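Here is a briefing on the structure shown below. Please read it with the model open.

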Amino acid sequence: MSMRGGIWAGWGKHPNGERIAQALQNYLGLELVPPATDVRTILDVMTLRELSQFDNLRSVEGMQELFRARSIRATVDPAAHRVTLTIAPAAELERELKAEHTRGQVLHVELSHPTAHIIRPPETDARLTDPVAIEPTAPVPPEYEHLEGLEQLRRDLVDLFVKHGQLTVADKDVLKKLVAVDGSVEARVTALERWQTEMGRRLRGLLLPRLTAVLTLAGNADRQPDPAQALFHRYDTILHWVAKLIKAFEASGLRYHNKPMWLPH
């Protein structure tokens, strides 16, 4: 079926484009502006695996990453809720991505909300892109003694899932950009949460553990959750999710022999 009864004449000749346009409409509430011929040509040769990733969109940022893997720039007009696709060199798109992280605001749309809202993503973490790690801004509390190990484990798991086909190289390129703005514990936990969300969205072939929301105090409006306890709960939630993720991987018939002893069992 052509989108909106044929609002884009010729959709029938471009089934990949129609599928992508429908996914943008269904999951993000965005309308795809009919692209130029050069963009349509690229959409026409997308593989089924690439197209399937559009069927689980949760954010404009994630959608842009999918197009960026094919050297396509996806420009969003938040007011009109429209997406325009243009061809751009990979190096230019990479520069734009870095500038976007430093600028600090992107449009993010969740499935559970019909309207868009603006959030601030973390910026680049040198520990993932540079050989020299960012120095912590403060001593790490004893309860976070395995934080650095968890950061290393996330990179190992990405490599493992790429090797066994649960992630693509393009997925890996996206995941390694989900990094902390500085060396503080809160920034590092936030980066891990963003990685957790994207892993859950991109992984294929695994029965994944459900993402658990951070608990908040209820029933007494005057009571405020302790920030330190709330942060540790977020960190502990990630630890348990990673442990379940490894169990899901092993349930597929493969073995992961490098599971750290400090992960919950």
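Helices are DSSP runs of H or I with at least four residues, strands are runs of E with at least two, and both are numbered from the N terminus. This is a predicted model, in which local features need pLDDT of at least 70 and side-chain atom pairs count only at pLDDT 80 or more, while totals for chains, interfaces and linings use all residues. Residues are numbered from 1 along each chain as its sequence is written, and side-chain values use heavy atoms, leaving out hydrogens and water.

**Salt bridges**

- The whole structure holds 13 salt bridges. A salt bridge puts a side-chain nitrogen of Lys or Arg within 4 Å of a carboxyl oxygen of Asp or Glu.
- Glu 65 and Arg 68 form one of them, at 3.0 Å from N to O. These two residues lie 3 apart in helix α4 (residues 60-68), so about one helical turn separates them.
- Both Glu 65 and Arg 68 are buried. Buried means under 20% relative accessible area, exposed means over 50%, and partly exposed is in between (1.4 Å probe, protein chains only).
- Glu 151 pairs with Arg 188, and their closest N and O atoms are 2.8 Å apart. This bridge links distant parts of the chain: Glu 151 sits in helix α7 (residues 147-163), Arg 188 in helix α9 (residues 185-202), 37 residues apart.
- Glu 151 has 8% relative accessibility, so it counts as buried. Arg 188 has 6%, so it is buried too.
- Glu 198 bridges to Arg 202, with the closest N and O atoms 2.8 Å apart. Glu 198 and Arg 202 are 4 residues apart in helix α9, which means about one helical turn between them.
- Glu 198 is buried at 11% relative accessible area. Arg 202 is buried at 3%. Shared partners join Asp 171, Glu 198, Arg 201 and Arg 202 into one salt-bridge network.

**A buried Asn**

- Asn 16 belongs to helix α1 (residues 15-28). Its relative accessible area is 13%, so Asn 16 is buried.
- The Asn 16 side chain reaches the backbone oxygen of Leu 43 at 2.8 Å.
- Beyond neighbours within four places in sequence, Asn 16 contacts Leu 43, Asp 44, Val 45, Met 46 and Leu 51. Contact means heavy atoms within 4.5 Å.

**Nonpolar cores**

- A nonpolar core is a set of buried Ala, Val, Leu, Ile, Met, Phe, Trp, Tyr and Cys residues joined through side-chain atoms within 4.5 Å.
- The largest core has 29 residues, and those with the most contacts inside it are Leu 150, Leu 157, Phe 161, Trp 195, Met 199, Val 242 and Leu 245.
- Helices α7, α9 and α10 (227-251) each supply at least two residues of this core. The largest share, 9 residues, comes from α10.
- Val 242 touches Leu 150, Leu 153, Leu 157, Trp 195 and Leu 263, leaving out residues up to four places away in sequence.
- A second, separate core has 22 residues, including Leu 32, Leu 57, Leu 66 and Leu 85.

**Helix packing**

- Helices α9 and α10 pack at an angle of about 35°, and their axes are 10 Å apart. Axes are lines fitted to C-alpha atoms, for helices over the stretch in contact, and angles run from 0 to 180 degrees between N-to-C directions.
- Residues of α9 that meet α10 include Val 189, Leu 192, Trp 195 and Met 199. On the α10 side, Leu 231, Ile 238, Val 242 and Leu 245 are among them.

Technical notes: Polar contact = N/O pair within 3.5 Å; in protein donor to acceptor, adjacent residues only side chain to side chain.
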